[in-house]
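Trainee: I would like to learn how to read a few features of this model. Where do we begin?

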Amino acid sequence: GGAPALVAVTRAMIAVLPAAGKAAAALVVAADVASRLQRSVPAWTIGSDAEEVAEAVRKVAGDASFWPTPWLGGLFSGHLQTIWYGLNIFSPQIAHREDVWRTADGGTLALAWPDVPASVAADAPIVLILPGLCGSIAGTAHTLRAMISQGLRPVVLHARGCGRPLTSPRFSLFGSTEDLREALMRILTQRPGARLLLHSISAGTALMVRYLGEEGAATPVAAAFANCPGYDISVCLSRCGALYDSAFYIGVLKRHWLRGQNGAVLRRAAPEVCRRMEESMDMHSFIVAASPFAAAPEAPPKEGLGSPASVIGRGIGSVPPAAARTEARPRAQTWSPSSSRAAARPSDASSGVLEADASTVANAFAAYLSRCNPMGVAHRITVPILILNADDDPVCKPRNVDDNAPALLGGRSCPRAVLLRYGKGGHCCFARGLTAARWADQLSAAFLAEATTGAALDE
């Protein structure tokens, strides 16, 4: 009697399975459709002295929510938005001119000034845009258009090897604060009295935060915006999703830095370092291998342009040891192969760059973090700063926010910062509406424009 009953139950279960599968599929479809119709409402985290900054955001954007583009939405919205941002389709064409100059060590920097309509005032506030990895003005057209629409005058920093090829064997994936200072001073020399603002994208946020933390209250910048920071550069690249890291970005980095004139300059100076870069399988390994090329020439910092010692491994906004908590900026920590404990041998007597063995590279990376990681100096930022992150960002993962935002916005750390943490938006895209307009760019432009006119933001 048991066997027939078991057969009957089994047949009943088999008959139910198709219906159950259809019901499950229907639920998934319903959830997907519902998610495409929902607005993305951010969670607000407001610094201890940032209520006026938050009020400025509310003035220009209400609750700062937006409707994510439905055809980039659904259960895979983070990936779709990120890929759409990278494709940069329908990017408006904006003519520009470049202001190019050589640095003291033979490097090349440039400021790309887009043409602006006559409606932009001659004395309009200037927004210096810091692009992401390997970025140039070519990928910032949507940002430029948003700034111009708010009556701002945008300009894009072309860092070493970006926009123009390298002319000296020195570069940094996250930029150099000394180069940024040089660019800002060049703007102020050409346009005395200009009101300066900063807009940073992805990797460019590390440079911006590091600079603002080093300068503290001495910066001429009035306000800043950070689109999808990764926070701690010692770990953020290792957390990037494999689909973007090993399958995409590492190839972009190798093509950009190891091919063409960039590659020729670097290989001539240090072929062994380049070999290590070529063998890297992910972005974190690449930045470790490339760190010797970021070493700054040994020189005492100029008056008012020194950089503080940072603390490796601390959260953003964390307080460094008492010896570093001084009003005056201490000397920058620099590295050179000659000061390393490991042996190094010349690769090209005329280049002045030395090859590095494995232990020297490790020392170079540690020194690189001490000079470039925004962690440990962000607590000194005094200007109003608006930060955007998305929980579905597959590149700068939400874990980075969890590990760093509480310290960044807690107590007296970075007191005038506001973080908007969205559920959706992908990496830097935040496409909204049927036309996939760039919400992050529009919000940044409105906020920065308000920062130059709103009395509440003036100290």
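This is a predicted model: local features need pLDDT of at least 70, side-chain atom pairs count only at pLDDT 80 or more; totals for chains, interfaces and linings use all residues.

Trainee: Where in the chain is Cys-236 found?

Mentor: Cys-236 belongs to the loop that runs between strand E7 (221-227) and helix H7 (245-258).

Trainee: Which residues does Cys-236 touch, leaving aside those up to four places away in sequence?

Mentor: Gly-230 and Asn-400. Another cysteine is worth noting here: Cys-396 is 160 residues from Cys-236 in sequence, yet their C-alpha atoms are 6.7 Å apart in space.

Trainee: Which residues make the contact between H2 and H13?

Mentor: From H2, Val-53, Ala-56, Val-57, Lys-59, Val-60 and Ala-61; from H13, Trp-439, Leu-443, Ala-446, Phe-447 and Glu-450. Sorted by class, the contact has nine nonpolar residues, two charged and no polar.

Trainee: How should I read the spacing of residues along a helix?

Mentor: An α-helix has 3.6 residues a turn, so residues three or four places apart point the same way. For a list of buried positions, take helix H9 (residues 271-279), where Glu-272, Val-273, Cys-274 and Met-277 are buried.

Trainee: What covers the buried residues of H9?

Mentor: The cover includes H7, helix H8 (260-269) and helix H10 (283-290).

Trainee: And the sheet: what is the order of its strands?

Mentor: The sheet is open, with nine strands in the order E1-E9-E8-E7-E6-E4-E5-E3-E2, and its pairing is mixed. Strand E1 (43-46) and strand E2 (96-102) are the edges, each pairing on one side only. From one strand to the next the twist averages 20°.

Trainee: In what sense do E3 and E5 pair?

Mentor: Strand E3 (residues 108-114) and strand E5 (residues 153-158) are antiparallel, with three bridges. Ala-112 stands opposite Val-156 of E5.

Trainee: Which strands does helix H4 lie across?

Mentor: H4 (residues 141-149) lies across E3, strand E4 (126-130), E5 and strand E6 (196-201), and runs at about 150° to E5.

How values were computed. Residues are numbered from 1 along each chain as its sequence is written. Side-chain values use heavy atoms; hydrogens and water are left out. Contact means heavy atoms within 4.5 Å. Helices (H or I, at least four residues) and strands (E, at least two) are DSSP runs, numbered from the N terminus. Ala, Val, Leu, Ile, Met, Phe, Trp, Tyr, Cys and Pro count as nonpolar, Asp, Glu, Lys and Arg as charged, and the others, Gly among them, as polar. Two strands pair if DSSP finds at least two bridges between them. Axes are lines fitted to C-alpha atoms, for helices over the stretch in contact, and angles run from 0 to 180 degrees between N-to-C directions. Buried means under 20% relative accessible area, exposed over 50%, partly exposed in between (1.4 Å probe, protein chains only).
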